Amino acid sequence: MMRKSQMIFLVIIFVCLFTIISIPEFIKSLTPNEHLETKKIKGGGIEYRLTQGNFHVGNDIPEGYYDVTSDGDNYFNGTQLSDGDHFLGLKLYDENIAQVTGKGTIKLKKSAFSPVSKDGDVYKIHHSGFYKIGKQIKSGKYIITYEARNNESLKEDPWFQIISADLQKIIGGDSFGDANQFEVDLKENTWLELNQSGFSTNKNVTFYLTPVK
């Protein structure tokens with residue numbers, strides 16, 4: 001049988017090994033990410049500036065909703081953003097990884113969720129992203145369509161999804177292929193996700209939401 005002194009010795013060895021393994025990860029978690037800069041925004045808040053690399057949500061960047069802007073041609077979490085493009089209302093979840101590839105800079109700031117601009121009673125949406133129904137767009141039935149400036153030929157079709165309030169369930173959606181418009185019923189507190197060209201943003205694409213009368 002193992003003596004008590006031997007058991008204590010083995011426990012000490014185990015603790016030491018565990019500590020040796022854990023310390024590098026602990027130190028790494030405290031080391032600032034060299035690909036991340038922060039800047040105070042006029043009026044309050046912080047802008048996060050990311051260059052090519054991986055970023056730990058909850059450590060490098062707080063969990064939350066962000067408006068994403070690209071300076072240069074970049075991919076952010078698989079979505080291609082060309083210079084000056086935006087993706088709005090993106091939720092970054094704690095303990096997930098945010099990834100930037102490309103040669104420019106990705107800027108993140110907390111989402112404003114400002115009301116969508118209107119032309120008369122028609123909503124005009126100029127950016128890909130997530131839009132809160134009831135806060136940014138009035139609930140109701142709409143015809144959703146899009147227009148590409150100068151009839152630009154898009155690499156991929158635009159598409160949309162309607163998502164539950166907790167962002168966990170897709171309620172509906174479609175891709176603008178042969179069909180150039182869809183009727184949608186947007187309920188209070190759901191989300192409307194819009195993508196201008198597959199998984200790429202495109203500054204020349206505008207979506208329109210026209211109330212069904």
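Select tyrosine 123 and tyrosine 142 to open the tour: both residues are buried. The model on display is a predicted one.

With the whole protein chain in view, one helix and 18 strands can be picked out. The chain has 213 residues, of which 37% count as buried. Its accessible surface comes to about 13,100 Å², and carbon and sulfur atoms account for 53% of that area. Among contacts between residues at least 6 apart in sequence, 68% join residues at least 24 apart.

Next, display the aromatic side chains. The structure holds twelve aromatic pairs. One of them is formed by tyrosine 123 and tyrosine 142, whose ring centres are 5.9 Å apart with 65 degrees between the planes, an edge-to-face arrangement. Colouring strand β11 (residues 122-125) shows where tyrosine 123 lies, and strand β13 (residues 140-148) holds tyrosine 142; the pair therefore ties together parts that are 19 residues apart in sequence.

Now move to phenylalanine 176 and phenylalanine 182. Their ring centres are 5.3 Å apart and their planes stand at 70 degrees; because planes over 60 degrees apart count as edge-to-face, this pair is edge-to-face as well. Phenylalanine 176 is buried, as is phenylalanine 182.

Methods:
Residues are numbered from 1 along each chain as its sequence is written. This is a predicted model: local features need pLDDT of at least 70, side-chain atom pairs count only at pLDDT 80 or more; totals for chains, interfaces and linings use all residues. Side-chain values use heavy atoms; hydrogens and water are left out. Rings of Phe, Tyr and Trp (its six-membered ring) pair if their centres lie within 6.5 Å; planes under 30 degrees apart count as stacked, over 60 as edge-to-face and the rest as tilted. Helices (H or I, at least four residues) and strands (E, at least two) are DSSP runs, numbered from the N terminus. Buried means under 20% relative accessible area, exposed over 50%, partly exposed in between (1.4 Å probe, protein chains only). Contact means heavy atoms within 4.5 Å. Accessible areas come from the Shrake-Rupley method with a 1.4 Å probe; for residues, only the protein chains shown count as cover.
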